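Here's a quick tour of a single chain, written for someone who likes to know the cut-offs. Have a look at the model first.

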Amino acid sequence: MANRLLVALFISTLLVFNAAAATVSFLVIETGLEAEEELRQHSDLWESGLLDVFFDSGHIVSNAPILRIYSKSAGDFPNEARPDFNDAIEGGVEYFITATLDYEAAQTLPANVAVRIFRVSPYRKIHEQQYRSLGQTSTVQEEYDSIKAIVRGIVPHVNNR
């Protein structure tokens, strides 16, 4: 009897946690940089911040490699990102989130960051937020903490599906 109760409790716990979890895929896009330039540290911090905060919020997360596009895209979703989006759909994601970091020549920090959340089915943009450069902080950890604070502010847009 006790074993059956424990099994039932375990299964119901799994169902409750899975009901709240969304599958989310991320793509960080760099614009304004030459193809041969090294990957920017700030781009890595955004990617890690998105993954960490959404995972800690209980979501199932994945990501595509950071994508570099020389110039800004006219629309919300650059054509160069379409293969990563299609891969995410094949993987069964519910949400696809892009963080576009617009760099200006010789700057180590992006001048602007645009975070866009797309619902996969039916396809639609459900949220967009623009952030100006955070400015140089004292340490990489402080920079990372600032990014994570920003990302925590966008998590509810996925939770309120």
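Which side chain of opposite charge is nearest to Asp84, and how far away is it? It's Arg82, 10 Å away. Asp84 is buried yet has no salt bridge. Here buried means under 20% relative accessible area with a 1.4 Å probe, protein chains only, and a salt bridge needs a side-chain nitrogen of Lys or Arg within 4 Å of a carboxyl oxygen of Asp or Glu. For charges, Lys and Arg count as positive, Asp and Glu as negative, while His and the chain ends are not counted. Asp84 sits in helix H3 (residues 82-90). Leaving aside neighbours within four places in sequence, Asp84 is in contact (heavy atoms within 4.5 Å) with Leu27, Ala64, Leu67 and Phe96.

A word on the ground rules. This is a predicted model, where local features need pLDDT of at least 70, side-chain atom pairs count only at pLDDT 80 or more, and totals for chains, interfaces and linings use all residues. Residues are numbered from 1 along each chain as its sequence is written, and side-chain values use heavy atoms, with hydrogens and water left out.

On to the layout. The chain has four helices and six strands, in the order α-β-α-β-β-α-β-β-β-α from the N terminus. These are DSSP runs, with H or I of at least four residues for helices and E of at least two for strands, numbered from the N terminus. Of the 161 residues, 41% count as buried.

Now the inside. A nonpolar core is a set of buried Ala, Val, Leu, Ile, Met, Phe, Trp, Tyr and Cys residues joined through side-chain atoms within 4.5 Å. The largest one has 27 residues, and Trp46, Leu50, Phe54 and Ile97 touch the most other members.

| Element | Residues |
|---|---|
| strand S1 | 23-31 |
| helix H2 | 41-56 |
| strand S4 | 95-102 |
| strand S5 | 112-119 |
| helix H4 | 140-159 |

H4 supplies the largest share of this core, seven residues. Apart from this core lies another, of 13 residues, including Ile69 and Phe85.

How far to trust it? pLDDT is the predictor's confidence in each residue, from 0 to 100. The chain averages 82, and 83% of the residues score at least 70. Where pLDDT is low, the predicted coordinates should not be read in detail.

Conventions
Buried < 20%, exposed > 50% of the residue type's maximum accessible area, 1.4 Å probe, protein only.
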